[in-house]
Amino acid sequence: MPKHIVRLLILIAVVAIVAFSAKKFLVPGSFYQYGHYRGNAVAEVASKVPKLQGSASCQSCHKEAYAVWTGGIHRKATKDGAIQGVVIKNGVNCEVCHTGPAGNHPSKEAMPLSIEDRVTTITHKHIDHPADIPGRNLMLSPSDMRNLCLNCHDKLEARPAMQRQIAVENHGGAEPCTSCHNPHSPRINFADLPRPPVDPITGKALPVIAVKAGNAAAGKSVAAACAACHGNTGMSINPAWPNLAGQHADYLYNSLKGFKSGTRKNDTMSGMAAGLSDADMRNVSAYFSKSSCGATGGDKAKAELGKAKAAEAGCAACHNAGGLRGTGPAGISASQAWPNLAGQNAAYLTVALNSFKDDSRNHAVMSSVANALSDSDIDNLSAYFASVSCK
Amino acid sequence: MNKLPSEEKVTTHHTKLEEEAGTLSRRDFLGFLGKGAACAGAFIGAGAAIGAVEAETGKHAFQQNDAQYEEAVNNPPQIPGYNWNDHQWAMGVDTTRCIGCLRCMEACKMENSVQMDANHHRTWVERYVYLEGSNTALVDSQTDPKNIENAGSETKFRFDDRYRHVKVDKAFFVAKLCNQCEHPSCVQVCPTGATFKSKDGPVLIDTTYCIGCQYCVQACPYGARSFNESRGTAEKCNWCYHRITKGLNPACVEVCPTGSRIFGDRNDPESPVSLFIRNNHVQVLKPEMGNAPNVFYKGTDKEVV
């Protein structure tokens, strides 16, 4: 055989041997085991540790928040918890909103402590070193919270009608959703509005510094200064000024505080409030809240129209003793911090609504409500609430 | 028929060669070759067709030969407490329930460490809007600049309310993800065997073998694959294979607040997805592609692809 042919054959043989041994050593044994891929890769993909833990795992530490959630409407995806025979395990799971912390939340392995210790430690960290805790993106700031609610509840054309949707500009204005709604159980409980601050870990209401109730008897002497305009018993001499008789004490106190600090603007009232101590404001509020009120009356025809408008505008959501779906007397507010409207002067109510409308008085919810009202609506509503009995 | 001069010349030359070769003319030889090729092609085609049929019956995974199938049955991957022969996973998407909250997308990113911006995703949501009198849909997703502006950040996902003040005939959201096809185009084109069809359904990625050529990204007819620049590998949904092999739901299903995403084992006739497919009229996306997807949609439109 010619020499060059032999050389060629040897070269081919060497290349073949190198190629086959390379394949033998470089291709892992599990390649081609189940197909044209590395068989071991299947178990490797499956071995990753899941991050989302499910609501049940939250329960072990966050018992109170879990209980609130379990009792609320966010627990259910549908009214009966089922869709066409398919049972939905949970509705809005913890990790729907708390996606941030779920991924790197302290795990049992990372924190070998008893459950009680663990809760204390986490709580402690939240309070003292909020920047240190993993998953600090827990939505604690009101603006985040608001976006979080709107992710699901913003009014969008493409959303199915069964989803509860909110056109924010006609709902709460710039007020944080959590002022009224507990995100773990969002149906409003009107008995505890506005909501007290909540511990982010346990979901428990934080202890509110007990406010000393004002002394009505001591308030009587302070009230002498008010009598010139608001009358001795809180029934104003001018219908454009509010009656104070029978008004919620907390509301009166907050108003006075607002006038003193300048968050509410009225030259006369600011001057009056400037001279009052905190105790004075408490006492005089208690005094007027205890005095007896009376319906001031309003135009009957307008009142009828106003009654219909009140139902439509949703006034009852707050200014009704029973709350949104309650059956309490109209015009008596569910919260001590909100004003009663029943029996108030019609002229004053008109002034108040207009001041919300032109933003000379600031309140996110009231401004958004008032902006949707026409002048005649305001007239009618004022007449209606003036004619409602305040007893 | 008059022969052209050049043709005449060729023929003459040909005849001369034929005489030299003796027995087989070149024309005959080429003809023989052609027939042989056709026959071989037919055999290969038939073989492929048989393979496809077997894959459809759920026996062989995509591009798996008999020996490999036997191995898969008798010697399944070592996953604690899990045997891939017992399951055939599938997903349902009920678009009539989807509220477009995009929590699925966020949960998926958390669970699978996907890049956090709106343009990288394993699953996403599209909005289809038919304006009054229009026969075609306006489509947008979280990647739309207006939606990003509304969300306030590239890493937060939310649809804006641009259609609130216009008349809309019909509008709905559709959640999209990898269809985990029976005949996955992406697997077919992968040059390194880095992506493959597992026996229990999901199409998985072996990131150690992925060279980042992105051929699979191009091949997917559903646009379900993307490229993860930080890892340098292809990125796709695998139905959270690490979760479903531990008895958990995929992350997106776990966080879907309205039950729009349904997941389960088709081998179990009472699993959520079996019930969903049995009780609803479902369809798959782009059936004409022949990919045989495993994500079943309820309530989609002709515009949804």
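In helix 14 of chain A, the residues Lys302(A), Ala303(A), Leu305(A), Gly306(A), Lys307(A), Lys309(A) and Ala310(A) meet Asp377(A), Asp379(A), Asn380(A), Leu381(A), Ala383(A), Tyr384(A) and Ser387(A) in helix 17 of chain A. Here, two residues are in contact if their C-beta atoms, placed from the backbone, lie within 7 Å, and helices (H or I, at least four residues) and strands (E, at least two) are DSSP runs numbered from the N terminus. The contact of helix 14 with helix 17 of chain A has six nonpolar, three polar and five charged residues; Ala, Val, Leu, Ile, Met, Phe, Trp, Tyr, Cys and Pro count as nonpolar, Asp, Glu, Lys and Arg as charged, and the others, Gly among them, as polar. The axes of helix 14 (residues 300-313) and helix 17 (residues 375-387) of chain A come within 7 Å and cross at roughly 100 degrees. Such axes are lines fitted to C-alpha atoms, for helices over the stretch in contact, and angles run from 0 to 180 degrees between N-to-C directions. Helix 14 and helix 17 of chain A are therefore roughly perpendicular to each other, a term covering angles of 65 to 115 degrees.

The model is predicted: local features need pLDDT of at least 70, side-chain atom pairs count only at pLDDT 80 or more, and totals for chains, interfaces and linings use all residues. Residues are numbered from 1 along each chain as its sequence is written, and chains are lettered from A and ligands numbered from 1 in the order in which they are written.

Chain A is assigned domain 1 (55-128), domain 2 (142-179), domain 3 (216-290) and domain 4 (300-387), with bounds from an automatic or database domain assignment. The centres of domain 2 and domain 3 of chain A, taken over C-alpha atoms, are separated by 36 Å.

Between the chains, 44 residues of chain A are in contact with 56 residues of chain B. The largest share of the side of chain B that touches chain A comes from helix 4 of chain B, with five residues. By class, this side of chain B has 28 nonpolar, 15 polar and 13 charged residues.

The model scores ipTM 0.78 and pTM 0.71. The mean pLDDT (the predictor's confidence in each residue, from 0 to 100) is 85 for chain B, where 82% of residues reach 70 or more. Chain A averages 76, and 73% of its residues score at least 70. Over residues 107-142 of chain A, pLDDT stays under 50. Where pLDDT is low, the predicted coordinates should not be read in detail.

Notes. Angles under 35 degrees count as roughly parallel, over 145 as roughly antiparallel, 65 to 115 as roughly perpendicular and the rest as oblique.
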